[in-house]
Protein chains: 4
Amino acid sequence: MSAATATSTKGRVLLAYSGGLDTSCILAWLIEQGYEVMCYMANVGQEEDFDAAVIKAKGCGATKVFVEDLQREFVEELIYPAVQANTIYEGVYLLGTSLARPVIARRQMEIAARENCQYVSHGCTGKGNDQVRFELAYYALKPDIKVIAPWRVPEFYERFQGRKDLLAFATEKNIPVVQTAAKPWSTDENLFHISYEAGILEDPDVTPPKDMWKLTVDPEDAPNTPERITIEFAQGKPTKVINTTHGNKEVTGGLEIFLYLNQLARQNGIGRLDIVENRFIGIKSRGCYETPAGTILRVAHMDLEGLTLDRQVRNLRDQFVTPQYSNILYNGQYFSPEAEFLLASIAASQKTVNGEVRLKLYKGNVIVEGRSSKTNNLYDMEESSMDVHGGFSPLDSEGFIKIQSIRLKKWGLNQKLV
Amino acid sequence: MSAATATSTKGRVLLAYSGGLDTSCILAWLIEQGYEVMCYMANVGQEEDFDAAVIKAKGCGATKVFVEDLQREFVEELIYPAVQANTIYEGVYLLGTSLARPVIARRQMEIAARENCQYVSHGCTGKGNDQVRFELAYYALKPDIKVIAPWRVPEFYERFQGRKDLLAFATEKNIPVVQTAAKPWSTDENLFHISYEAGILEDPDVTPPKDMWKLTVDPEDAPNTPERITIEFAQGKPTKVINTTHGNKEVTGGLEIFLYLNQLARQNGIGRLDIVENRFIGIKSRGCYETPAGTILRVAHMDLEGLTLDRQVRNLRDQFVTPQYSNILYNGQYFSPEAEFLLASIAASQKTVNGEVRLKLYKGNVIVEGRSSKTNNLYDMEESSMDVHGGFSPLDSEGFIKIQSIRLKKWGLNQKLV
Amino acid sequence: MSAATATSTKGRVLLAYSGGLDTSCILAWLIEQGYEVMCYMANVGQEEDFDAAVIKAKGCGATKVFVEDLQREFVEELIYPAVQANTIYEGVYLLGTSLARPVIARRQMEIAARENCQYVSHGCTGKGNDQVRFELAYYALKPDIKVIAPWRVPEFYERFQGRKDLLAFATEKNIPVVQTAAKPWSTDENLFHISYEAGILEDPDVTPPKDMWKLTVDPEDAPNTPERITIEFAQGKPTKVINTTHGNKEVTGGLEIFLYLNQLARQNGIGRLDIVENRFIGIKSRGCYETPAGTILRVAHMDLEGLTLDRQVRNLRDQFVTPQYSNILYNGQYFSPEAEFLLASIAASQKTVNGEVRLKLYKGNVIVEGRSSKTNNLYDMEESSMDVHGGFSPLDSEGFIKIQSIRLKKWGLNQKLV
Amino acid sequence: MSAATATSTKGRVLLAYSGGLDTSCILAWLIEQGYEVMCYMANVGQEEDFDAAVIKAKGCGATKVFVEDLQREFVEELIYPAVQANTIYEGVYLLGTSLARPVIARRQMEIAARENCQYVSHGCTGKGNDQVRFELAYYALKPDIKVIAPWRVPEFYERFQGRKDLLAFATEKNIPVVQTAAKPWSTDENLFHISYEAGILEDPDVTPPKDMWKLTVDPEDAPNTPERITIEFAQGKPTKVINTTHGNKEVTGGLEIFLYLNQLARQNGIGRLDIVENRFIGIKSRGCYETPAGTILRVAHMDLEGLTLDRQVRNLRDQFVTPQYSNILYNGQYFSPEAEFLLASIAASQKTVNGEVRLKLYKGNVIVEGRSSKTNNLYDMEESSMDVHGGFSPLDSEGFIKIQSIRLKKWGLNQKLV
């Protein structure tokens, strides 16, 4: 029995651990408060030295450390349904942080159940979206779980009022601190995106410095020669990427496709965003984001839907499922009856979305150059043609318009518009 | 009295005339059928030799020709409310053709009323959207108007089965034909956009040739140095553009701002689009579009709304007003009780959208570099900050989450998810 | 070979036949035009002497007559999903005519395919909804079918301008005419409802005469003693009715339950409606309806959803699925990708709607007296109680309200409302 | 200076006072805590002895007591816009409690501002909707107000765990207690409705006792003879009621009409409801309601909209404005930018809703017997007629259907449905 366990009287906590200063201090503080602490690290594709973090967590007194590779389920269970639904928040944000939370929380609850942890803890602040996302997921998945959110515990946040207090505590507790200058913003990274917020970005009129952007090259520095690819989709999910510029290299496999598109998008400066958004709790907040592969997939998928999805299904899905499911993700309600309800719709909408899209990637642009579908015949070249009388008589349009006009004529008579 | 009038026994027609081969043949054919024909040309910013067209129309037998400059009302009455509402069709198309139709149709009805024309006529085909848009507008504005749509009249479309037949008829009627090679696609142009469709574009997998694009330079050929501008908005409409790259040049005035943004966007390769869309009548159709200024304004306006528009108003407007009003425009129902109903909402949503957005234009990209608002205080830097306890206690978030979780815990208990 | 077949040169028609004057004349007229005609009668629960109608059709020259009992599929495939979705048109109309059309059209297309009929025909007028509903179903189910709609064929409708012309033609063709006085309105009946429209009802301010109503007793004449029943539901569909007033009589079976509820509702004056509605084609029209069992089931199902359906699922379903699916039914687009898309949602919404509702039926009223669910625990008596601190602390509400107020305070500061 | 003021050191509170045991104890407790307390009573039409309550409040130590008659603004500013919008919560509940909250909270904030009260207080529990409704209104109207909600203050709710504790405290403080047996449920009453919840009603399968219902007679006990009235509307608001059964008695005036309809509805057993609803905080709750006049007005207004409102405006309003505005009212967000946004829509939708509706009131039923409009011509008897070719040719319907079928045929070809 470790020293930590010996003195822990309050029960066992599974802490979502990042390896950084904050969660290391939380780890030490929880032990100080009398808890046994196990650490949990989710690999969702962020740049991280997991081995070093494990050593650090154990050094701080964690009785166990779990490092879980969730990349594949993140891509296949969360990202691709979001691609199918064209999810987007407030018209611009691709929901990169929100999308990772469900897989992270789910594994944390599974481990908490297996390891008999009565508590879970995280390092989210008390003003952001992530506390909501994690905790709503925790409670839905394991309604009896108890959550310790130190940044909402007065004893904690009053003691640690700034970085200096944390550093002092780290020294006291022999927590190793990496000697890099702190960036004047905070980030959240996974394989779908990286976010930047807080610090100098809090002034929404401050242009982010060029060296902030980490994942993508500046469009101005991207290659002068475009790169061309073809993406194949089945039922709205990507199944193959072919790089027609570079030897028709083919990539298949859910995770592999995503990582390869990330690589291409990063090289070509694709996926940057700088916005002011509305957090769930009603505060406006400025965020910068890089979403490389996600940006390409959004363009390609929406384009293919033009060719392969029925007008009315698209219309209903766009008006209803896309905004509602986007809000659900943003607000942390993925594990909910309403998400389950909407996911049934999303699947139902994608049956016909099969085919391929040809793209040109160039200095921040994702340019569609053509699309085709072998199995879907909703597009009918002859019927569409202005030159041929395919499918219906022009006289039909006459009746169509006349019937549509009945109601408008009645209204016009009242208005005397001209 | 002209020869035309002398022999016209069927009444007077006001023909929407373009100066091209089709409507010139329609003009001659209507006269042949026994109508007196007046011609109407709307200047909505398209590239056109109006003087030559007037001469041509008169030469073909038009008893009067009206050329109407509608550019300012087009920008101020149609385009800017669309900017306010972020209108977009099927997630991608900025509705450039649809937006011009109401002003064109309205003036046509005004002239028809003034000149006692019992009939109006147009050159739209029987398979497209424009016939619907024009005629629904005609009927709403002047419910007793009679419409002659030759491309839906069997005597006409059976006689003129192709360009060859039209050319032969033009020769017969002494209609001058411009000796340029016909482009293998058709276009519709106004100051908001140009569209390309039909011909070689009917195969949705054919990449448009580089020389098709007329308004914008290819992003690959655009300047290597970015251009920076600031756009000021009042109640969601642009009121000033400042070019910070070029001597802080300032442009004001609704039409003037729009034309200046067009110029900048065209130079920087901004606003190209290539899609398959769903026409109102249920046919899928491939279209390519250039919408230079409209693309810049969309980015800038949506960004400013992030800073200045309430979360819930934005959410409701996005879910409802934007898609419905976009569909109404696309489907040609601008003159309708439902458009009137929605326009009241659009105006109500924009009261707080005041401020300015700083943009970088670069090779097809419109990049936001910052935004600010002197009069709007919905963004609160202190409250937004992760570092300061502004506005509310972290403990409040605890209660917020707990209450949100009540329902989800109940659901989770039923699901036994972990 | 019959005489009819011998002379039919234009092909074979499957006519939707009602046994009445109109479709008998259409039958004779089609034969006169040179078609072979088979007749099809759908039994959807209307009051009808099918045997007499078969004899009449054969007498008029039909080469075959098919009478198809569609009552069970009507109830189970169309009515119960509508109950699940709480479908209603314009807030009041329960869609009784619309709901029957898909099963009628589907069987007609199956028979047309089997009997090699190139044509189908029906007796719908050219101004109503039913022509649209039937024909859109025909075209979706069998895109190559050809439709003859005599009331839209000038040779027909100009020849038969009124009932007198039809009677004269009937005499000429030896079609037997029942010597009852024509009612001054027209009706459409099936087991779900009866509709009354046209004739004296066209003045929307004329109160329908007491003897018009056919299915239900006048509430004023209904029993003075209420009748009490319990309806059990599984996944939103009724599975049992128990009449607690009359010896706990139990009825099970989809069709049987529906017919029994009809009987109870008719006796108790339940389900009358008198409205002005908007037809699909844009005309306003006055209709009166009796929907006995449907009215009871709507009240009971909605009540049970209060107990058993999650708040957000209900909210999303109500805002989206219910109105859209109702419009789809009304507008005749049941066989469509959008209906298929929405039906997936409806099924997904009803998983938890299990339990029973106790009702009192009394003189037009359907009064809920209680509801319960053995398997669904979303309702939690302790948590709901105002007297007990169940499930959460009152302090949580404090935080919930404070967080909700952040945004409103910001707005209030701008408004200076007090 | 009163004793209370002399010892109040914590500031001045304006307490929403009901005259009952709870708020009297809160009043005494606040004084005990060191506050000066003023009392505020809103007359929104509930049955109440205001004079007695004023005496009681002063006896308990209130330094001032304000009784405010808000009936007219309640009817004209809150109820009639709700009638215009057909607001309804979860398809059944007419929002009677929610509708009164804004006028009550607004006057309370006005008085708090005028009387320099730093605090407001109310007697709402910590699990209900009303705490949210009152406090969100307070914060929006006066963002710096401080709220004391005793039922969420541990010192209070732990001390007063049941009615017995309150009675003991009342005795201690010399608060007079009315010696009536407490009803086994709690109520909220105003001129729009009364609600019953809690107590024996918490079991959703318990039928409310006959003597619970206070406002309306039991339909079984209502007159055996129906009563007929005509309601006139202008822009969707009632302007006159004529009782055609009783001497054509006419009532005009916003408040007067409402009170008269209440009287008629109460006599005829109209407006009872028994449901399980979802509270804003996510708890399911059983409530019984009586909404007499509101029930009549809903039927009449919706009926008149059938005659006078355009199909598309109605459709858009029903899908969007009605559910959203209903939720806003229920969730206590009347003072919000989103309510302001929607109210602009509601007004815009009602311009044409002018005319009158004839109703029969009978034992719980509100039966429409006819409707007419002198100024609105959207209903066209000739066009609507099935017998006359008014307004358009049947051939137009042919084209309308053919165009609608294009998309469905394409889908049908893929499905091979028959």
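# A tour of four chains

Start with the aromatic rings: the count over all chains comes to 60 aromatic pairs, where rings of Phe, Tyr and Trp (its six-membered ring) pair if their centres lie within 6.5 Å, and planes under 30 degrees apart count as stacked, over 60 as edge-to-face and the rest as tilted. Before going further, note that this is a predicted model, in which local features need pLDDT of at least 70 and side-chain atom pairs count only at pLDDT 80 or more, while totals for chains, interfaces and linings use all residues. Residues are numbered from 1 along each chain as its sequence is written, chains are lettered from A and ligands numbered from 1 in the order in which they are written, and side-chain values use heavy atoms, with hydrogens and water left out.

**Stop 1: a ring pair in chain B**

Select Tyr93(B) and Tyr330(B). The ring centres of Tyr93(B) and Tyr330(B) are 6.3 Å apart and the planes stand at 90°, so this pair is edge-to-face. Helices (H or I, at least four residues) and strands (E, at least two) are DSSP runs, numbered from the N terminus.

**Stop 2: a salt bridge inside chain A**

Next, pick Arg101(A) and Asp188(A), whose side chains meet in a salt bridge at 3.1 Å, N to O. The term stands for a side-chain nitrogen of Lys or Arg within 4 Å of a carboxyl oxygen of Asp or Glu. Arg101(A) belongs to helix 5 (residues 96-114) of chain A and Asp188(A) to strand 6 (residues 186-189) of chain A, 87 residues apart. Over all chains, a search of the whole structure finds 152 salt bridges.

**Stop 3: where chain A meets chain B**

Colour chains A and B separately. Here 110 residues of chain A are in contact with 110 residues of chain B (heavy atoms within 4.5 Å). The two chains bury about 9,800 Å² between them, 56% of it on carbon and sulfur atoms; buried area is the accessible area (1.4 Å probe) that two parts lose on being put together, summed over both.

Zoom in on Arg371(B) and Asp274(A): they form a salt bridge with the closest N and O atoms 3.1 Å apart. Across this interface of chain A and chain B there are 12 salt bridges. Then highlight helix 14 (residues 394-415) of chain A, which gives the largest share of the side of chain A that touches chain B, 16 residues. By class, that side of chain A divides into 46 nonpolar, 31 polar and 33 charged residues (Ala, Val, Leu, Ile, Met, Phe, Trp, Tyr, Cys and Pro count as nonpolar, Asp, Glu, Lys and Arg as charged, and the others, Gly among them, as polar).

**Stop 4: chains C and D**

In chain C, helix 14 (residues 394-415) supplies 16 residues, the largest share of the side that touches chain D.

**Last stop: the axis**

How is chain C superposed on chain D? A rotation of 180° with 0.0 Å of shift along its axis does it, with RMSD 0.0 Å (least squares on the C-alpha atoms of residues with pLDDT of at least 70 in both copies). That is the relation of a two-fold axis. To find the axis, select Gln319(C): in chain C its C-alpha is the nearest to the axis, 3.0 Å from it. The same surface serves both copies, as 100% of the contact residues of chain C recur in chain D.
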